[in-house]
Amino acid sequence: MKTFDIAFIGAGASALMASSFIENQSIALIESSSKIAPKIKISGGGKCNFTNKSVASENYLGDREFINDVFKIFGQKELLDFFTKQGLKFEFRSNGKYFCKNSSDEIINIFKKLTSHCNFFLNHKVEKVEFDKNFIIKTDKQTFKAKKVVVSSGGLSFKSLGASDIGYEIAKSFGHNIIHPSPALVGFTLQKEQFWMKNLSGISINIALHVENKCFKENLLFAHKGISGPAVLPASLYWKKGIIKIDFLPNIKISELLSKKSKKQISSVLPLPKRFIKEYLKSICLDDTKVDKLKVEDIEKLERLNHYKFSPAGNFGYSKAEVTRGGVSSDEINHLNFESIIKKDLYFIGEVLDITGELGGYNFQWAFSSGVVMAKSIRGNM
Ligand SMILES: Cc1cc2nc3c(=O)[nH]c(=O)nc-3n(C[C@H](O)[C@H](O)[C@H](O)COP(=O)(O)OP(=O)(O)OC[C@H]3O[C@@H](n4cnc5c(N)ncnc54)[C@H](O)[C@@H]3O)c2cc1C
């Protein structure tokens with residue numbers, strides 16, 4: 001049986017970037033899906049939001065120092081330079097997001113070209129990795145041997161796109177700790193008291209959402225199961241269990257609006273969708289009366305829309321979550337080269353680690369940056 005110099009577990013974003021940077025080595029990329037990089041393909045509506053205008057450790061949950069060190073070597077600028085050099089056409093959209101101009105296939109094609117020296121084993125599901133002089137990688141089809149193993153198998157989100165817990169299982173089998181994984185960048189489900197929001201499915205409004213010490217000013221989308229959208233998804237990264245606060249009219253003080261003793265009805269004075277007002281009024285048992293007829297306690301109930309506090313019941317789960325929060329503890333990873341400090345020649349890159357970015361291209365940036373930094377160190381050592 002041939003012994004590869006390096007075997008990657010999974011051929012997604014981080015593995016493709018890393019193997020593009022390693023030459024003159026025999027490389028195996030072992031992937032359970034029938035195609036490489038299934039997540040790059042479908043992300044960003046098929047145009048892959050691959051980075052952001054401002055990439056900093058503040059946009060991530062995880063070890064800030066580690067993240068900063070990695071971005072100092074290969075950050076947003078280096079990623080843009082890399083793709084520009086490879087001829088990728090990209091465009092800049094709201095909230096600093098960079099997308100492919102045409103299709104995420106262009107990124108995949110760049111990687112196909114840059115990894116032509118590698119051996120791809122698609123439709124091979126890795127089941128176990130052991131060590132006996134070399135690493136022994138057991139898949140559902142055949143067994144591989146490698147001198148170095150890079151675990152680049154991502155998180156648990158979107159099983160339909162190949163996600164599995166193999167990365168955590170390999171890590172555990174070599175003595176690593178796993179920071180409890182949970183779905184993130186995902187919508188929230190609601191408690192009974194907020195069920196009025198369920199009747200608003202399809203409506204989207206601009207809000208400010210406060211969670212922990214973060215605030216996200218973006219759209220909230222009312223969904224069938226709860227709330228979602230660009231303000232809610234990043235908030236889910238920081239939410240543990242407990243209260244979140246939503247300002248449904250971020251730039252307007254409701255108390256001032258209502259103090260003007262207007263003869264108009266509430267729904268005509270508050271600049272929110274009529275359907276929203278109707279359901280909210282129902283939930284606080286108030287009729288759509290004229291503003292000058294409102295009692296002090298009614299005004300207080302309406303003012304709550306500026307600081308609506310509640311605890312979500314939970315979230316929509318891994319089938320809807322863009323990423324997995326938690327993972328292989330970065331405390332046991334060498335921050336200079338992503339090698340395990342427990343097992344020599346074993347590496348972990350990308351989302352499998354306990355470093356997770358906000359919505360907006362931060363997770364691909366991390367996957368690509370971790371891949372490059374790891375690859376550069378391997379190149380230097382061989
Ligand atoms: C729907 C969706 C949209 C997203 N959109 C964006 C976006 O626009 N911008 C952004 O920054 N991030 C986005 N993300 C997150 C981003 O895709 C991931 O953070 C990133 O792909 C992680 O890279 P990775 O290399 O660590 O893992 P992945 O890219 O997930 O690659 C892991 C690979 O390992 C394979 N694998 C898993 N288990 C096994 C096994 N047992 N045997 C063999 N192979 C295995 C998988 O099939 C997969 O190909 C999105 C995620 C989802 C689910």
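Contact in this report means heavy atoms within 4.5 Å. The structure is a predicted model, in which local features need pLDDT of at least 70 and side-chain atom pairs count only at pLDDT 80 or more, while totals for chains, interfaces and linings use all residues. Residues are numbered from 1 along each chain as its sequence is written, and side-chain values use heavy atoms, with hydrogens and water left out.

**Overall architecture**

The protein has 382 residues, of which 56% are buried; buried denotes under 20% relative accessible area, exposed over 50%, and partly exposed in between (1.4 Å probe, protein chains only). Its C-alpha trace spans about 85 × 40 × 35 Å along the principal axes. Twelve helices and 21 strands make up the secondary structure, where helices (H or I, at least four residues) and strands (E, at least two) are DSSP runs numbered from the N terminus. Among contacts with a separation of 6 or more, 70% are between residues 24 or more positions apart.

L79 is found in helix α4 (residues 76-85). This leucine, L79, counts as buried because its relative accessibility is 0%. Leaving aside residues up to four places away in sequence, L79 touches M17, F50, T51, F74, Q365 and F368.

**Strands and sheets**

Two strands pair if DSSP finds at least two bridges between them. Strand β16 (residues 244-247) is joined to β17 by three bridges, the two running antiparallel, and I246 has Y308 in β17 as its bridge partner.

Elsewhere, strand β11 (residues 178-184) runs antiparallel to β19 and is joined to β19 by five bridges. A184 stands opposite V323 in β19. Strand β19 (residues 323-328) is mostly covered, with six of its six residues buried.

**Two domains and their interface**

The domain assignment, which is automatic or taken from a database, gives domain 1 (3-183 + 323-381) and domain 2 (188-315). Eleven residues from domain 1 and eleven residues from domain 2 take part in the contact. The C-alpha centres of the domains lie 39 Å apart. About 860 Å² is buried between domain 1 and domain 2, with carbon and sulfur atoms giving 52% of this area; buried area is the accessible area (1.4 Å probe) that two parts lose on being put together, summed over both. On the domain 1 side, R325, E358 and L359 supply 52% of the area buried against domain 2, more than any other three residues.

One salt bridge is counted between domain 1 and domain 2, a salt bridge being a side-chain nitrogen of Lys or Arg within 4 Å of a carboxyl oxygen of Asp or Glu. The elements giving two or more residues to the side of domain 1 that touches domain 2 are β4 (60-61) and β21 (356-357).

**Salt bridges**

The total comes to 14 salt bridges. The table lists some of these pairs.

| Pair | N to O distance |
|---|---|
| E358 and K214 | 3.2 Å |
| K72 and D69 | 3.7 Å |
| E91 and R93 | 3.1 Å |
| K148 and D345 | 2.8 Å |

K72 and D69 both lie in helix α3 (residues 64-73), three residues apart, about one turn of the helix. K72 counts as exposed because its relative accessibility is 66%, whereas D69, at 29%, counts as partly exposed. E91 is partly exposed at 24% relative accessibility, and R93 is partly exposed at 33%.

The pair K148 and D345 has both residues buried. This pair links distant parts of the chain, with K148 in strand β10 (residues 143-151) and D345 in the loop between β19 and β20, 197 residues apart. A network of salt bridges also links K128, E130 and K138.

**Positive phi angles in loops**

E212 is not a glycine, yet has a positive phi of about 50 degrees. E212 is found in the loop between β13 (204-211) and β14 (214-222) and, at 54% relative accessibility, counts as exposed. F338, also not a glycine, has a positive phi of about 70 degrees. F338 is placed in the loop between β19 and β20 (346-348), and is buried, with a relative accessible area of 0%.
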